Amino acid sequence: MGQRSQWGTRAGFIMAAVGSAVGLGNIWRFPYVAYENGGGAFFIPYLFALLTAGIPILILEFTIGHKYRGSAPLSFFRMKGKGAEWLGWWGIFVSFVISTYYAVIIAWAMKYTIYSFNLAWGDDTGGFLFGSVLNLADNPGEFGGLVPGVLIPLLLVWAIAFIILLAGVKRGIELANRIFIPLLVVVFLLVVIRAVTLDGALLGLDAFFKPDLSKLADSTVWVMAYGHIFFSLSIAFAIMITYSSYLPKKSDITNNAFITGFANSGFELLAGIGVFAALGFMATQAGESVADVASAGVGLAFVVFPQIINEMPGMNGLFGALFFLSLVLAGLTSLISICETYIAGVSEKFNISRTKSVLFGVGLAAVISLLFATRGGLYFLDVADYFINQFGVAAIGLVEVVLIVWVFKKLDVFGEHANEISDIKVGLWWKICLRFITPLVLGYMMFDLLRINLF
Ligand code: PHE
């Protein structure tokens, strides 16, 4: 198989890690989660989760990848044999499932980038999405055939992913991120600048930042903060282990983890400002409150945003195109990181070339993703997304941390490894976070999820 791939530069690795972290979640999930869970007050649990779980686990995963230089299953195998390898495969399985529907959403965003130029969605933006674009069946049972309007952009998304991933770690993933991430920042800044200069923007920002301190007493708010940080930083999905396994021997792990974590949060904050400024404008136009127009996910991006774009004065088509292009760019860089987990895992496990592994792994994901391009696609997408969010993220994080810390007792070894090569040294706070705080909070989270789902 030849020599193991490596990132060409430190900036290349950081761009790739940030590219993975910054995704659809930052743009359409974070603003609403923050707004719903205390507005300005949400920053307290958010920062707490970032500093006690997000960055500590990122440092841990970077260390594991760097030390064992393998895909997630191989790294865990080298850590503790067969008894640990499955943990890597679990992360890969979750990543695989996410990749199948994440690609579909990027495909919609691609279509909407083009639609923006002539506001093709008309006045009934909901009817347009569910009717003309998705051709949604009345119920999942009659999921019907493929919807050509979704199929074609979806194939395009996979073709782009194939090209980038086939080109390899340095000439594919790194290069793509070095182009896409700076471009994303510029494009998204334009979107935010335009949004905050709209009439009523302040109303939206006020709704977004206004702290509701009473929410801090509500445990779900803390659970939401932890869940969001895991998803947003792409931790516990085998991704960051895989990416850091391509680091050169001399690499500053801790510093890179801080940069990745803060860059991701910075982008998220920017997205909150842009989205809520636009919602404030919309509320003002409609004579409603921000609470009436605020939403998240598919509804926010593909129903509410087109309405906002309709109402905007001057160059609104361009604004729309830039907004949806941001989704495409943020989504693509996350998608390739998710795919890389199984490409690396399969190629190392079965000792096959990268090319074969891309063709097989990404090919299979592409075929499965066709399910979401049928007339029942949106129903399946909701189910998959629900399942992943409820049982994937926190569960893997919890098991990973508890096994490493308490069963394999590797925390000290990893701390020393990170400290040997990093400027910032991890010490007591890192160990306290991973030994006690993270397992306790995640344990509570799992308990809470089971309680809500089973009883
Ligand atoms: N972190 C990405 C986001 O915020 C999503 C993601 C999750 C990417 C899991 C890869 C794996 O959207």
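This is a short tour of the structure, stop by stop, with something to select at each one.

**Before you start**

The model is predicted, so to speak of local features a pLDDT of at least 70 is needed, side-chain atom pairs count only at pLDDT 80 or more, and totals for chains, interfaces and linings use all residues. Residue numbers run from 1 along each chain as its sequence is written.

**The whole chain**

Show the protein chain as a cartoon: its secondary structure comes to 19 helices and zero strands. Here helices (H or I, at least four residues) and strands (E, at least two) are DSSP runs, numbered from the N terminus. The C-alpha atoms fill a box of roughly 60 × 50 × 45 Å along the principal axes.

Of the 455 residues, 53% count as buried. Buried means 20 or more other C-beta atoms within 10 Å of the residue's own, exposed means 12 or fewer, and partly exposed lies in between, with C-beta atoms placed from the backbone.

**The ligand**

Next, select the ligand and its shell of 16 residues, where the closest are Gly23, Gly25, Ser234, Ser334 and Ile338. Colour the shell by class and you will find seven nonpolar, nine polar and no charged residues. Ala, Val, Leu, Ile, Met, Phe, Trp, Tyr, Cys and Pro count as nonpolar, Asp, Glu, Lys and Arg as charged, and the others, Gly among them, as polar.

Stay with Ser234, in the loop between helix 10 and helix 11 (239-244). Ser234 has a positive phi near 55 degrees, though it is not a glycine, and it counts as buried, with 28 C-beta neighbours inside 10 Å.

**Helix 5**

Now pick out helix 5, whose 37 residues reach 56 Å from first C-alpha to last, close to the expected 54 Å. The expected span is 1.5 Å times one less than the number of residues. Look for a bend of about 25 degrees at Ser99, the angle between axes fitted to the seven residues ending there and the seven starting there. Just past its end, Leu119 takes a positive phi of about 50 degrees.

Move on to helix 19 (residues 428-454), which bends by about 40 degrees at Leu434. Its buried residues are Trp430, Cys433, Leu434, Thr438, Val441, Leu442 and Met445.

Which residues does Trp430 touch, leaving aside those up to four places away in sequence? They are Pro56, Ile59 and Gly415, where contact means C-beta atoms, placed from the backbone, within 7 Å.

Then select Tyr226 in helix 10. Beyond four places in sequence, Tyr226 touches Val441, Leu442 and Met445, along with Ala49 and Ala53.

**Last stop**

Finish at Asn351, in the loop between helix 15 and helix 16 (354-369). Is Asn351 buried or exposed? With 8 C-beta neighbours inside 10 Å, Asn351 counts as exposed.

Terms used: Near = placed C-beta within 6 Å. Contact = placed C-beta atoms within 7 Å.
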